[in-house]
Amino acid sequence: MSAPTARRAELLPRGKKPKNPYWVSSIGFVAPGVLLVAVVLYLPFIWTSWISLNEYSGLGDPEFVGIENFTAMFADPGFLVSLRNTLFWVIGTILLPVGLGLLIAVLSHGMRGATWFRLPFLVPYAISGVAVGVIWSFVLQTNGALSQAMAFLHLPGADLRWLLDGPLNTVMMILAASWQGAGVNALLFGIGLQSIPKEPIEAARVDGASGFTLFRTMTWPMLAPLTTVVVGLAIVGSLKTFDVVWAMTQGGPGRVSETLALTMYKETFVNNDYGLGAAVALFLTVITVLASILYLRRQLADSRSM
Amino acid sequence: MLARKIVLGVLGLIWLVPVYLLLANASKLPAEFGSYGLWEPGTLGGLWQNMLDAWSRGKLNSGVLSTAIYAIVAPAIAVVVGAAAGFAIVALRLRNGFFWLVVIFAASIFPLQMILMPLFVGYAQTGLFNTRLGMILVYTVIAVPFSAFVMRNFFTGVAHHVFEAAVVDGASTWRIFWRIYLPMAVPALVAVFILQATFVWNDLLLGLTLTQSAEVRPIVTALSALQSTYGGSTMSTVLAGGLLVSLPTVVLFLATQRIFTRGLSLGQF
């Protein structure tokens, strides 16, 4: 009995791959994953895409209406506000939690007791979005903890209605989400920094580079693959933003702080307009996929060559 | 180095301010809430009382068992399913293995919103709506793509002659998977498990959509309901509820931070 190896396969003439002796088991091992994903994720995905072309209230049969849901969606001022807020979320989430995560990782890299210094940032990450919302609603309520502190320090803005006026409330929620998300980015960047080979950094240091120059010319370029992942995850995550907003404003007052994820939920489960909800979901999916194609392509290409 | 420590320390203290406010105000009894400033600590004795209050008012007791089951069972199944897929692709050299990896992993890119409504309708028709089985199923599937991705990368780092040697010894692929590959992958499995368990415990959207009764509903959903039902008068109760719901994941995450970091760097994305 001989096990096939890659080397042996390469020795064979082109186009005549030997049959994989484990093909039955290999299918058996991959099947549960593929089946689960197909039935619970891909089939619903296709159905939602189809429903986006229909008028459907959950009762009776869907009625085909073509792109009517999409035209209705873009004609809705509430949707446009939601779209703008989602854009804010994407930009804010790339700038703040990713930037802060990088800062924390770089500052704590190679430091004695780095674990302890990173601890305060990891606590919020393990907290649920709803609990984050509970805490920050309390801090940001009108005349709440933040306003009181600002008044005490005689800072201007103590009378701002943090969660009641848009787009201020969206900005504040992005800050709350950044408080939650910076720690995990610091963790990921920390892993990346550890895997950077020491020699080139040492060589650059001998050549006189230090501090920010060293970071800009050596560390940052070598972190690039990881940055792609972290930014990609941040984009995908921010597009799906739901729980923090749900807990803090439920998209209100009115619809001023809605995100696309929330708009979809409301259209579907509050207004029972499944078709419109599906259209929003599909639109959200298209921009999420477009946004992540770049990062994913690069990632998978890298790991394929391993 | 000292300057870096100071910057980090100050930043860390700022990060802990909301945690302080949470603790300070979750420990004030509703009756004394108005008489203290928001920045002053309350009497610590109030914390326990408020937690009990949140526990009973939020009906957290009925949901906590379900949530624990979801957060343990679903990621546990998912890491094994993901590892099996990774094993098939890497060790068994599944034909077009890379394509199948993409099929599994790509499912995690599109937003959950895309599957909510069909799951809601489908669950209603099959009797899975508002059942623990239905929740375990959906949480498992959500966790599979990431698990398969990390496990496949982990197995790529394992020399193929480990597999060949086991074959020479006469072991079946089933046995090789359970006895050699899975035990070898424990750090990566644990890392993925922790990450997914945290996600499941903290999920709101699926709980909100696919459950109804207090027994089946995940507790984060219950916390959300507690928050929207009660106004400022019982703010301390809501805050205590938030603390209560967050404790398990915070403790798990902080306690396992090292394993987590090590496991993920082995998986190397």
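Over which residues of chain A does pLDDT stay under 50?

1. Those are residues 1–10 of chain A, for which the model has 12 contacts beyond four places in sequence. Here pLDDT is the predictor's confidence in each residue, from 0 to 100, and a contact means heavy atoms within 4.5 Å. Where pLDDT is low, the predicted coordinates should not be read in detail.

2. A word on conventions: this is a predicted model, in which local features need pLDDT of at least 70 and side-chain atom pairs count only at pLDDT 80 or more, while totals for chains, interfaces and linings use all residues. Residues are numbered from 1 along each chain as its sequence is written, chains are lettered from A in the order in which they are written, and side-chain values use heavy atoms, leaving out hydrogens and water.

3. On confidence overall, chain A averages a pLDDT of 85, with 90% of the residues scoring at least 70. Chain B averages 87, and 95% of its residues score at least 70. For the complex, the predictor gives an ipTM of 0.88 and a pTM of 0.87.

4. Chain B has 13 helices and 0 strands (DSSP runs numbered from the N terminus: H or I of at least four residues for helices, E of at least two for strands). The C-alpha atoms of chain B fill a box of roughly 75 × 60 × 30 Å along the principal axes.

5. Now look at where the chains meet: 93 residues of chain B are in contact with 99 residues of chain A. The area buried between them is about 8,700 Å², with carbon and sulfur atoms giving 79%; buried area is the accessible area (1.4 Å probe) that two parts lose on being put together, summed over both. In chain B, Trp15(B), Met114(B) and Met117(B) lose the most area to chain A, together 10% of what that side buries.

6. How many salt bridges are there between chain B and chain A? The count is 0, a salt bridge being a side-chain nitrogen of Lys or Arg within 4 Å of a carboxyl oxygen of Asp or Glu. Helix H1 (residues 2–26) of chain B gives the largest share of the side that touches chain A, 14 residues.
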